Amino acid sequence: MEYTEKVMDHFMNPRNVGEIPDADGIGEVGNAKCGDIMKMYLKIENDVIVDCKFKTFGCASAIATSSMATELIKGKKVSEAVELSNKAVVEALDGLPPQKIHCSVLAEEAIKAALADYYKKQGREIDFETGCDGCCDHCGKA
């Protein structure tokens, strides 16, 4: 299996590993088929992700995609993080072997699970299909 230089870098030197004790959003997802488990922690201030950490049990691709996903959303507005796709994670890593694409899907799902937890704690909901959280009258959900 051939990994890109960026995948190997994020696997060997993962960014943002750990937990955030007072996290505003926590999401955990897993894939029973491959055994990967990802847990994401978000610290959010003024609707901006000021910190993001992860703990992942899994293969090199699972760790690399978790690391890259945190890098892609750290410092971003929540509304931008909601739009993170597994494709963006794969592109940022310069590709993944086809049989490891599911790891990037898990990374996307873990971020979205943490964002959903954040919204729930705020007494709000988010529609991940549209990115709508009912913050305005544009879609009629407000």
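Start with the sheet: select the three strands, which form an open sheet in the order E1-E2-E3 with antiparallel pairing. Strands here are DSSP runs (E, at least two residues), helices are runs of H or I with at least four, and both are numbered from the N terminus. Two strands pair if DSSP finds at least two bridges between them. Now colour strand E1 (25-31) and strand E3 (48-57): these are the edge strands, and each pairs on one side only. On average, neighbouring strands of this sheet are turned by 15° against each other, direction ignored.

A quick word on what you're looking at: this is a predicted model, in which local features need pLDDT of at least 70 and side-chain atom pairs count only at pLDDT 80 or more, while totals for chains, interfaces and linings use all residues. Residues are numbered from 1 along each chain as its sequence is written, and side-chain values use heavy atoms, leaving out hydrogens and water.

Next, zoom in on E1 and strand E2 (residues 36-45), which pair in the antiparallel sense over seven bridges. Click on Val-29 and you'll find Met-38 in E2 standing opposite.

Time for the helices. Select helix H2 (residues 60-73), which lies across E2 and E3 and runs at about 175° to E3. Then pick helix H5 (residues 101-121): H5 packs on the sheet, touching E1, E2 and E3, and its direction makes about 150° with that of E1. (Contact means heavy atoms within 4.5 Å; axes are lines fitted to C-alpha atoms, for helices over the stretch in contact, and angles run from 0 to 180 degrees between N-to-C directions.)

With 21 residues at 1.5 Å a residue, H5 should span 30 Å, and its end C-alpha atoms are 31 Å apart, which agrees. The expected span is 1.5 Å times one less than the number of residues. Just after H5, stop at Gly-123, which takes a positive phi of about 75°.

How do their rings sit together? The structure holds one aromatic pair: the ring centres of Tyr-118 and Tyr-119 are 5.6 Å apart and the planes are at 70°, so the pair is edge-to-face. (Rings of Phe, Tyr and Trp, its six-membered ring, pair if their centres lie within 6.5 Å; planes under 30 degrees apart count as stacked, over 60 as edge-to-face and the rest as tilted.) Tyr-118 is buried, at 7% relative accessible area, and Tyr-119 is buried at 1%. Buried means under 20%, exposed over 50%, partly exposed in between (1.4 Å probe, protein chains only).
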